[in-house]
Amino acid sequence: MKFVERGLFCCESVFAPRFQLSNFDHRIDYVHFENRAFYLLLHRHLRNLVDRHCFKTAFHVARLIYRLDPVADPLAIMLTIDMIALKAREYNYLIHLYDALKSSKNLDRLPNFAYSVALAHFFLFCENGNAEQKEMADFMLGSAIRHFPTVLLKLLDAMNVQPDSTVENNKYMSALAYERESEGIKLLTSIYVKLAPSVWLENPSILSWLEKATRAAVSSFKHSKEEIASWERMRKTCYVGVPRNIERHAYLWEVTRNAEWVLSDPAPPYNGRMMYTRAPSTPRPDSFLSGLLHSVWPNYDQAQHLNASIEEVLNALRGMFVSETPDADGRDLNGSNQEERNREIVNEVDDEEIEAGEMEQEHDVAGYDDGGRAG
């Protein structure tokens with residue numbers, strides 16, 4: 001947490017002098033590589049706030065992330081801002097946001113908004129007892145179930161709630177129907193289920209309302225076949241591919257994994273730009289022995305055989321510590337010393353041969369004397 005805040009401070013310290021973070025007209029483009037660190041640090045800060053249950057602050061950070069680039073929404077913050085708003089008890093804001101961006105952002109085609117807006121109306125009904133809010137909540141939840149029927153079972157499974165047999169075996173809501181959905185719908189469902197269970201379990205009255213609304217929606221399936229068929233065709237045609245920002249969002253929230261991406265730049269934009277070229281990095285030694293060899297011999301090649309490398313290093317060490325100095329006649333002192341040593345060895349060998357000959361003569365003389373006495 002502390003390092004994330006320090007990173008945010010470093011990013012703010014290098015802002016352009018005329019840039020104002022609170023100005024709605026100022027934008028930060030995620031396409032530029034140099035700007036991505038600030039986005040990712042804000043998102044990490046957002047997650048830390050959610051984990052610490054600082055939902056009000058997390059809600060304002062989510063709004064800031066969206067405002068930095070509301071057109072592209074590089075972190076797909078619209079997939080989680082609804083749940084953060086519900087946790088922060090910003091029900092009216094969520095409803096106003098849905099009404100304002102429904103046509104321009106197609107929020108009615110996102111399953112998270114379809115279910116969250118209905119839940120926001122129900123929370124308002126619990127606060128003020130307004131019957132109109134209850135009717136709107138029932139209508140919105142029924143529409144959400146008809147438009148995205150497979151989301152409900154995944155939500156109940158995440159809440160450890162056993163669904164009714166009529167719901168579990170329904171052809172529009174069963175596990176088989178979920179497997180037939182496109183990859184885009186499956187990913188959006190997984191993202192929504194990541195944060196939603198805690199909100200739906202906040203009040204015991206929510207589950208009873210959900211049960212009644214679900215039964216009413218299932219019973220209305222036979223009267224809404226055209227609507228269900230229309231949305232089924234839409235889900236198969238409009239949710240085929242996964243946009244890059246949604247892939248990035250799923251990776252940051254640990255819904256999906258990709259070994260080719262790194263946390264410092266997940267799912268980089270296809271049209272990304274970099275104003276500065278990176279300097280090639282020198283590979284660091286991967287072991288203590290490699291580090292020792294690199295320190296003694298900078299040109300050490302790790303691909304070479306280890307024994308050959310050690311032998312070359314030893315030769316280099318010998319060259320460093322053994323010095324050769326010539327004598328006055330220009331000859332090598334080491335060479336002259338070696339010649340003198342050879343002469344001494346030859347003289348020692350000659351002396352040993354002479355001593356051996358004298359001993360043999362004495363032995364022969366002694367044997368002759370013994371033989372004469374015996375005769």
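Predicted model: local features only at pLDDT ≥ 70, side-chain atom pairs only at ≥ 80, totals over all residues.
**The chain as a whole**

The protein chain has 17 helices and zero strands. Of its 375 residues, 39% count as buried. If you take the contacts with a separation of 6 or more, residues 24 or more positions apart account for 66% of them.

Helix α5 covers residues 91-105. Does its length fit what you'd expect from the residue count, or depart from it? What span should 15 residues have? At 1.5 Å a residue they should span 21 Å, and the end C-alpha atoms of α5 are 19 Å apart, which agrees. The helix does bend, by about 30 degrees, at D99.

Which residues of α5 are buried? They are Y91, L94, I95, L97, Y98 and L101. An α-helix has 3.6 residues a turn, so residues three or four places apart point the same way. That's handy to keep in mind when you look at the list, where Y91, L94, Y98 and L101 are among the buried positions. As for what covers the buried residues of α5, the elements include α3 (55-68), α4 (81-87), α6 (111-128) and α7 (131-147).

In soluble globular proteins, nonpolar side chains tend to be buried together. Here the largest nonpolar core holds 89 residues, and the members touching the most others are L46, L86, F113, Y115, L141, W200 and W209. Helix α6 gives the most to this core, with 10 residues.

Setting aside neighbours within four places in sequence, L86 is in contact with Y91, L94, S116, L119, A120, F123 and V199. Two of those names, Y91 and L94, also turn up among the buried residues of α5.

**Aromatic rings**

A pair of aromatic rings is described by the distance of the centres and the angle of the planes. The model has 13 aromatic pairs. One of them joins F15 and F19: their ring centres are 4.9 Å apart with the planes at 70 degrees, so the pair is edge-to-face. F15 is partly exposed, at a relative accessible area of 24%, while F19 is buried, at 19%.

Another pair is F59 with Y93, where the centres are 4.9 Å apart and the planes sit at 85 degrees, so this pair is edge-to-face too. F59 belongs to helix α3 and Y93 to helix α5, so the pair ties together parts that are 34 residues apart in sequence. F59 is buried, with a relative accessible area of 1%; Y93 is partly exposed, at 25%.

Elsewhere, ring pairs link F122, F125, W200 and W209 into a cluster. W200 and W209 are also on the list of core residues that touch the most other members.

| Residue over the ring | Ring | Distance to ring centre |
|---|---|---|
| R27 | F24 | 4.6 Å |
| K186 | Y178 | 5.8 Å |

T189 sits in helix α11 (residues 183-200). Is T189 buried or exposed? At 1% relative accessibility, T189 counts as buried. Leaving out residues up to four places away in sequence, T189 touches V151, K154 and Y178. Y178 is the ring that K186 lies over.

E227 lies in helix α13 (residues 225-238) and is partly exposed, with a relative accessible area of 28%. Which residues does E227 touch, not counting those up to four places away in sequence? They are R146 and H147. The C-alpha atoms of E227 and S143 are separated by 9.6 Å, although the two residues are 84 apart along the chain.

F9, finally, is in helix α1 (residues 2-13). F9 is exposed, with a relative accessible area of 58%, and the cut-off for that is over 50%. Between F9 and F38 there are 9.7 Å in space, C-alpha to C-alpha, for residues 29 apart in sequence.

Technical notes:
Residues numbered from 1 in each chain as written. Heavy atoms only, no water. Helix = DSSP H or I, 4+ residues; strand = E, 2+ residues; numbered from the N terminus. Buried < 20%, exposed > 50% of the residue type's maximum accessible area, 1.4 Å probe, protein only. Expected span 1.5 Å × (residues − 1). Bend = angle between axes of the 7 residues up to and from the residue. Contact = heavy atoms within 4.5 Å. Core = buried A, V, L, I, M, F, W, Y, C linked by side-chain atoms within 4.5 Å. Phe/Tyr/Trp six-rings, centres within 6.5 Å; stacked < 30°, edge-to-face > 60°. Lys NZ or Arg CZ within 6 Å of the ring centre and 35° of its normal.
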